[in-house]
Amino acid sequence: MNHFHYNDGRLFAEDVDLTQLAEKVGTPFYCYSSATLARHYRVFADAFPKGTLIAYSVKANGNLGVLRTLAELGAGADVVSGGELKKALKAGIPANRIVFSGVGKTRAEMMLGLDAGIHQFNVESEPELVALNGVAKDLGKRAPITIRINPDVDAKTHAKITTGTSENKFGIPWSRARAAYTLAASLPSLEIVGVDMHIGSQITELSPFEAAFARVADLVKTLRADGHAIKRIDLGGGLGVPYAPTDPAPPAPELYGAAVSRAVADLGCDLILEPGRLIAANAGVLVSRVTYVKEGEAKKFLILDAGMNDLIRPAMYDAHHEIVSVREAPNSAVYDVVGPVCESSDLFGANRRLPELKEGDLVALLTAGAYGAVMASAYNARPPAAEVLVKGEQWAVVRPRMSDDELIGLDRIPGWLAPQA
Ligand code: LLP
């Protein structure tokens, strides 16, 4: 359920007419709906017992406007870098509702987290345990930690976004879990507070989660028997969303919540979840203008002013995003919808049925609110799309599109070269 809909034949975001918005802010731009963010947050949070920490995964969409919207609803944050940590704090998410994940936390990042007083570090390796212990000791603090255990289940998702099998870099292997906790317990500047897992993203079946939750529940019992005080379980993110109308519906948050309860309720632990995509994906669209309609030999191309630098998911994961005309009309044409970037993979969708479109018309790429703007680049010296947040009939540019000069101004010509005339 989202708040993008046609009104009198024109696509709106809540009460804002995207055609008018495009005139005002220029294309391409991402447009996010506050009401959709709020709805997704609430539906998800309501699926869990009161007191569960919903640590929104900032990597999905870290715009300060989005983070602030979620902060006002009570969200915490799951961050994976010092930059994300600073953003979450700046958006008003309290430090004691922030968890810090990621395989490569630097000592400087650990220091930031310790200084801020975050809820916990989700530690992903033995050397990280040792490093964090050292940093905490130097600061005269104890670092609250969980260890991310890799439950070695197949998440049945795209290979590039699966994380819970023995083949990948995330977490500590199942077989070394007890030894890692023994090591952590021997490090005096660490305080063990729980266990953590995350098996992947865009998971559309319940069974991999159920398998992983069951393993984690067993592990909690074993670790307690070993003498560790396990009071929190962080179950990560990963619940998928439908991208195409033909996609099977992913499990509803209530079913996911029920599966969590079945697996861990009797352990008496505080729960933490790290949803990203589920909150943000359907809350955003990428609006783009048709630059040209090009008749190829075998295909008709719709060439947009947005490119793979703005939305890389189709090129990177063969991801599907629905593409619709902002002006409602019957679908009577078939296009390959492409961007202007000089790569054949700059293809948003092949053989898409759309209305007959012409230069200057607007299209929207749907379900683009998660892993869209955050993954943008300036490839081909293209400043990434602007970002706009809508609330009712209000809208605000929450990240302007950089000008070419601002982008170019980031480069420096070294002193040993003659300055440009
Ligand atoms: N927690 C951890 C430790 C994670 O690694 C992730 C996502 C999440 C939570 C949030 O997962 P979500 O609820 O959003 O599925 N760029 C890819 C997705 C990468 C996900 C990385 N980790 C994409 O566009 O599909």
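This is a predicted model: local features need pLDDT of at least 70, side-chain atom pairs count only at pLDDT 80 or more; totals for chains, interfaces and linings use all residues.
For S201, a polar side-chain atom lies 2.4 Å from a ligand oxygen. With G276 it is the backbone that takes part, a polar atom there being 2.9 Å from an oxygen atom of the ligand. H198 brings in its side chain, with a polar atom 3.4 Å from a ligand oxygen. On its own the ligand would expose 590 Å², and the protein buries 92% of that.

F29 belongs to strand β4, which covers residues 29-33. F29 counts as buried because its relative accessible area is 0%, and the cut-off for buried is under 20%. Beyond its neighbours within four places in sequence, F29 is in contact with L18, L21 and A22, with V285, L286 and V287, and with A385, A386 and V388. G257, on the other hand, is 228 residues from F29 along the chain, and the C-alpha atoms of the two are separated by 34 Å.

R10 is found in strand β2, made of residues 10-13. At 33% relative accessibility, R10 is classed as partly exposed, since that value falls between the 20% and 50% cut-offs. R10 and R327 are 317 residues apart in sequence, yet their C-alpha atoms are 4.8 Å apart in space. Leaving out residues up to four places away in sequence, R10 touches V326 as well as H5, D17, T19 and Q20.

Helix α3 can be followed from one end to the other. After α3 comes G74, which has a positive phi, near 105°.

Last is a stretch of the surface. I413, W416 and L417 together make a nonpolar surface patch of about 400 Å². Within this trio, I413 is located in the segment after α12, the helix of residues 404-408. I413 has a relative accessibility of 56% and therefore counts as exposed, the cut-off being over 50%.

Terms used: Residues are numbered from 1 along each chain as its sequence is written. Side-chain values use heavy atoms; hydrogens and water are left out. Patches are made of residues with over 30% relative accessible area and no salt bridge: like charges are joined within 9 Å, nonpolar side chains (Val, Leu, Ile, Met, Phe, Trp, Tyr) within 5 Å. Accessible areas come from the Shrake-Rupley method with a 1.4 Å probe; for residues, only the protein chains shown count as cover. A salt bridge is a side-chain nitrogen of Lys or Arg within 4 Å of a carboxyl oxygen of Asp or Glu. Helices (H or I, at least four residues) and strands (E, at least two) are DSSP runs, numbered from the N terminus. Buried means under 20% relative accessible area, exposed over 50%, partly exposed in between (1.4 Å probe, protein chains only). A polar contact is a pair of N or O atoms within 3.5 Å; within protein, one must be able to donate a hydrogen and the other to accept it, and residues adjacent in sequence count only if both atoms are side-chain atoms. Contact means heavy atoms within 4.5 Å.
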